[in-house]
Amino acid sequence: MISEKMQVELNEQVNKEFYSAYMYLAMSAYCNTLGLPGFAHWMRMQYEEESMHVTKMYDYILGQGGEVHLQSIEEPAKEYGTPLEIFQQTLEHEQFITSMIHKLMDLAISERDYATQTFLQWYVTEQVEEEANVNDILAPLRMVGDDKSGLMMIDQKIGGRLAPTPLPAN
Ligand code: FEO
């Protein structure tokens, strides 16, 4: 069982995860228009990853006897600048999501809600991985700058990103 407040905050986070998925799908479309199929693929995989973050939280709320209240999803931007700027925005967004997950964890701790703390620990770990993955791409992007052949090499490399492994049921 989760508190009313926790239910509200988890529903807010479902909306933020939906927005993340939406934003990465928009970034994928944008990368396609830039003629960077590998970047577009990476963002498409990220969209799928975020969709799993949504459903995992959705299932948890329902499993705890709570109510899911879906809200409007903010419209993402259509353009994101250069490949480097795309990933800078990605990192900023993931850092924002990390801070939201930490706030949820603070609430779970203050409410002595042990089940939600255990549940959220998965997201805490996931965010460490998400930020590291983005930093791993930002480093070579900074190095190549505007060099087209360097960008093509990064495009080819990140285009090999595998589809996320389906999550086990909660
Ligand atoms: Fe679901 Fe990328 O945070």
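Which side chain meets Glu 49 in a salt bridge? The view in Figure 1 answers this.

**Figure 1. A salt bridge joins Arg 161 and Glu 49.** This is a predicted model. The side chains of Arg 161 and Glu 49 meet at 3.3 Å, N to O. The pair links distant parts of the chain. Arg 161 belongs to the segment after helix 5 (148-158), while Glu 49 sits in helix 2. The two are 112 residues apart. Arg 161 is buried, and Glu 49 is buried too. A search of the whole structure finds 4 salt bridges, and the Arg 161 and Glu 49 pair is one of them.

**Figure 2. The whole chain is built from helices, with 0 strands.** There are 5 helices. Along the sequence, the pattern reads α-α-α-α-α. The C-alpha atoms fill a box of roughly 55 × 25 × 25 Å along the principal axes. Of the 170 residues, 45% count as buried. The accessible surface comes to about 9200 Å². Carbon and sulfur atoms hold 56% of that surface.

**Figure 3. Helix 1 runs for 30 residues.** From its first C-alpha to its last, helix 1 reaches 44 Å. That is close to the 44 Å expected at 1.5 Å a residue. Gly 35 follows helix 1, and its phi is positive, near 75 degrees.

**Figure 4. Glu 12 and Lys 16 form a salt bridge within helix 1.** The distance between their side chains is 3.6 Å, N to O. An α-helix has 3.6 residues a turn, so residues three or four places apart point the same way. Glu 12 counts as partly exposed because its relative accessibility is 29%. Lys 16 has a relative accessible area of 19%, so it counts as buried. The cut-off for buried is under 20%.

**Figure 5. Glu 75 and Lys 78 meet in a salt bridge.** The N to O distance is 3.0 Å. Are these two residues buried or exposed? Glu 75 is exposed, and so is Lys 78.

**Figure 6. Six side chains make a nonpolar patch on the surface: Phe 18, Tyr 22, Tyr 58, Leu 62, Leu 70 and Ile 73.** Together they have about 520 Å² of accessible area. Helix 1 (4-33) and helix 2 (37-63) are the elements that give two or more residues to the patch. Leu 70 lies elsewhere, in the loop between helix 2 and helix 3 (83-110). Leu 70 counts as exposed because its relative accessibility is 55%. The cut-off for exposed is over 50%.

**Figure 7. Gln 127 is a buried residue of helix 4.** Its relative accessible area is 2%, so Gln 127 counts as buried. Which residues does Gln 127 touch, leaving out those up to four places away in sequence? Gln 127 touches Glu 94, Ile 97, Thr 98 and Ile 101. Gln 127 and Thr 98 are 29 residues apart in sequence. In space, their C-alpha atoms are 5.8 Å apart.

**Figure 8. Ala 139 also has its place in helix 4 (residues 114-144).** Ala 139 counts as partly exposed because its relative accessibility is 41%. Leu 84 is 55 residues away from Ala 139 along the chain. Their C-alpha atoms are separated by 9.5 Å.

**Figure 9. Arg 112 has a positive phi although it is not a glycine.** The angle is about 50 degrees. Most residues other than glycine have a negative phi. Where does Arg 112 sit? Arg 112 lies in the loop between helix 3 and helix 4. At 61% relative accessibility, Arg 112 counts as exposed.

Notes:
Residues numbered from 1 in each chain as written. Predicted model: local features only at pLDDT ≥ 70, side-chain atom pairs only at ≥ 80, totals over all residues. Heavy atoms only, no water. Patch = residues over 30% accessible without salt bridge, like charges linked within 9 Å, V, L, I, M, F, W, Y side chains within 5 Å. Areas by Shrake-Rupley, 256 points an atom, 1.4 Å probe, with all protein chains shown as cover. Helix = DSSP H or I, 4+ residues; strand = E, 2+ residues; numbered from the N terminus. Buried < 20%, exposed > 50% of the residue type's maximum accessible area, 1.4 Å probe, protein only. Expected span 1.5 Å × (residues − 1). Contact = heavy atoms within 4.5 Å.
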